[in-house]
Amino acid sequence: MLRLFNTLSRTKEDFIPIEPGKVKMYCCGPTVYNYQHIGNFRTFIFEDLLLRVLTYNEYKVKYIMNITDVGHLVSDSDEGEDKMEKSAKLLGKSIMEIAEYYTGVFKKDSELLNIISPEVFCKATDYIQEQIDLIVCLEKNGFTYPTSDGVYFDTSKFPGYGKLARLDIEGLKEGARIEFSAEKKNITDFALWKFSPENEKRQLEWESPWGKGFPGWHIECSAMSKALLGNHIDIHCGGIDHIPIHHTNEIAQSEACSGEKFVNYWLHCEFLDFGNEKMSKSTGKFITLSTLSGNGYSPMDYRYFLLTAHYRKKQKFSYEALEGARSGIKNLKNKISNLKNSFSESESENPGLSDEYKTRFTDKINDDLNMPEAVAVMWDMLKDENLSSKQKLILVSDFDRIFGLGLDKTEEKMVTLVPDEIYDLIEKRKEAKKSRDFKAADEIRELIKSKGFEIKDTKEGVEINTI
Ligand code: AMP
Ligand code: ZN
């Protein structure tokens with residue numbers, strides 16, 4: 001029986017899907033105004049492991065992930081700039097260009113990390129009408145009120161608001177955790193629709209029954225989940241930072257419109273901890289997959305590193321720990337390659353023992369995704385002299401359906417990741433060429449060369465090769 005820790009009840013619960021054999025799952029995806037750092041990828045790999053465990057248990061999973069390309073403001077208090085608009089201004093690009101570029105890098109990095117793609121990646125800007133319709137529904141049901149800068153959700157009208165985070169609303173009022181705009185009726189109220197600022201043209205804005213503007217960030221997930229999966233779904237996930245505001249508000253919006261329960265199981269991944277180094281995309285100081293590659297670590301080293309901690313525990317990142325993971329995966333590959341060499345059909349088999357390991361492994365992954373212990377079962381199995389090489393190879397390949405380390409590949413695919421710095425230079429060169437500054441473009445090409453990469457202009461765009 002699969003058991004999952006539900007943030008809503010703060011306990012491990014038996015997983016019982018709404019419809020037998022099927023799972024509807026929605027995970028909050030990236031805001032594509034910048035690169036995704038390795039902390040973000042801890043959450044995305046946790047979601048990938050969850051998908052793999054569900055599939056291993058023979059569930060048919062309909063899995064959706066959103067791409068936020070509008071409405072996510074720099075502050076949680078419905079104030080400040082839209083992260084996408086800010087990034088576009090900073091880089092002198094259109095939001096579409098920024099979104100396309102960072103979505104592309106996110107998908108490429110996900111692929112390198114062996115993350116299985118969701119059935120649908122849905123972009124917030126493709127679902128504006130659905131978001132407006134949901135706000136209309138909330139308005140009809142009496143949950144909204146207008147202010148001078150938008151339409152807000154009145155959280156005092158929604159019984160049980162804050163149940164996911166167990167929010168202490170009274171305490172919040174006193175502590176004024178978030179800036180409290182004078183026009184908000186309650187400290188926890190949030191924007192459903194924001195008006196475009198007067199005398200300022202936003203890159204992204206739409207007509208609505210309330211005036212020209214753009215959706216608040218939380219409404220996109222409620223609207224897209226409803227549009228693609230229906231009112232009531234099995235699983236919704238994200239990082240723990242989403243519990244107190246984003247997911248709390250999603251529940252309020254979805255349930256206040258439909259009158260039904262929104263999500264049965266809420267799952268959240270703890271943060272990757274960088275010690276004193278705060279991983280902040282807004283300050284531009286963060287480690288990406290290509291930073292790791294620049295330091296000689298492959299995406300699979302990082303994936304193996306993540307498997308060594310349970311997803312609900314903080315995991316401390318350090319290069320020493322990553323080095324440990326690298327030698328772990330190297331030993332694993334050596335062991336597998338030795339097994340392949342010593343493989344012989346005449347070895348005696350012990351099917352009962354194979355079944356025992358398979359059961360032990362399944363018990364671990366089904367115990368709220370206990371990957372560190374599942375990895376330990378794999379090592380015990382590999383060291384067990386009562387199993388034949390063939391049995392071990394079959395088991396390791398079966399276990400790797402969960403781990404996703406590509407263990408049955410003989411050679412580890414050598415990937416040279418292109419550092420983000422090179423992509424930035426390519427963008428600068430594109431700009432230089434656009435403004436016909438060919439001297440600068442050539443200089444940038446040379447600079448790229450000095451960093452070990454050669455670029456070629458092709459019909460499809462710039463091709464990057466290592467020298
Ligand atoms: P964002 O692009 O900022 O919306 O974040 C994408 C995902 O990464 C969200 O589910 C966040 O909760 C998650 N996240 C952000 N920082 C970390 C971190 N340090 N460790 C793990 N997950 C994170
Ligand atoms: Zn979301």
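Which cysteines form a disulfide, and how far apart are their sulfur atoms? In this predicted model, Cys 137 and Cys 257 form the link, with sulfur atoms 2.1 Å apart. A disulfide is defined as a pair of cysteine sulfur atoms within 2.5 Å. The structure holds one such bond. The angle about the S-S bond is 105°, and the link is right-handed. Cys 137 lies in helix H4 (residues 128–140) and Cys 257 in helix H7 (residues 243–258), so the bond ties together parts 120 residues apart in sequence. Helices (H or I, at least four residues) and strands (E, at least two) are DSSP runs, numbered from the N terminus.

Residues are numbered from 1 along each chain as its sequence is written, while chains are lettered from A and ligands numbered from 1 in the order in which they are written. Local features need pLDDT of at least 70, side-chain atom pairs count only at pLDDT 80 or more, and totals for chains, interfaces and linings use all residues; side-chain values use heavy atoms, with hydrogens and water left out.

Both Cys 137 and Cys 257 are buried. Buried means under 20% relative accessible area, exposed over 50%, and partly exposed in between (1.4 Å probe, protein chains only). Cys 122 is in no disulfide. The nearest cysteine sulfur to that of Cys 122 belongs to Cys 221, 7.8 Å away. Cys 122 is also buried, at 1% relative accessibility. Cys 27 is buried too, with a relative accessible area of 0%.

Helix H4 also contains Gln 131. This glutamine is buried, at 1% relative accessibility.

Ligand 1 has 17 residues around it. A residue counts as near if one of its heavy atoms lies within 4 Å. Thr 31, Gly 39, Thr 43, Asp 241 and Leu 272 come nearest. A nitrogen atom of the ligand is 2.7 Å from an N or O atom in the side chain of Thr 43. A ligand oxygen is 3.1 Å from a polar backbone atom of Gly 239. A ligand oxygen is also 2.4 Å from an N or O atom in the side chain of Asp 241. Taken alone, ligand 1 exposes 490 Å², and the protein buries 93% of that. These areas come from the Shrake-Rupley method with a 1.4 Å probe; for residues, only the protein chains shown count as cover. Helix H1 (38–56) and strand E10 (233–239) are the elements that give two or more residues to the shell. H1 gives the most, with four residues.

Helix H3 (residues 95–112) has 18 residues. It reaches 26 Å from its first C-alpha to its last, close to the 26 Å expected at 1.5 Å a residue. The expected span is 1.5 Å times one less than the number of residues. The buried residues of H3 include Ile 95, Tyr 102, Phe 106 and Asp 109. Asn 114 follows H3 and has a positive phi, near 60°.

Key
A polar contact is a pair of N or O atoms within 3.5 Å; within protein, one must be able to donate a hydrogen and the other to accept it, and residues adjacent in sequence count only if both atoms are side-chain atoms.
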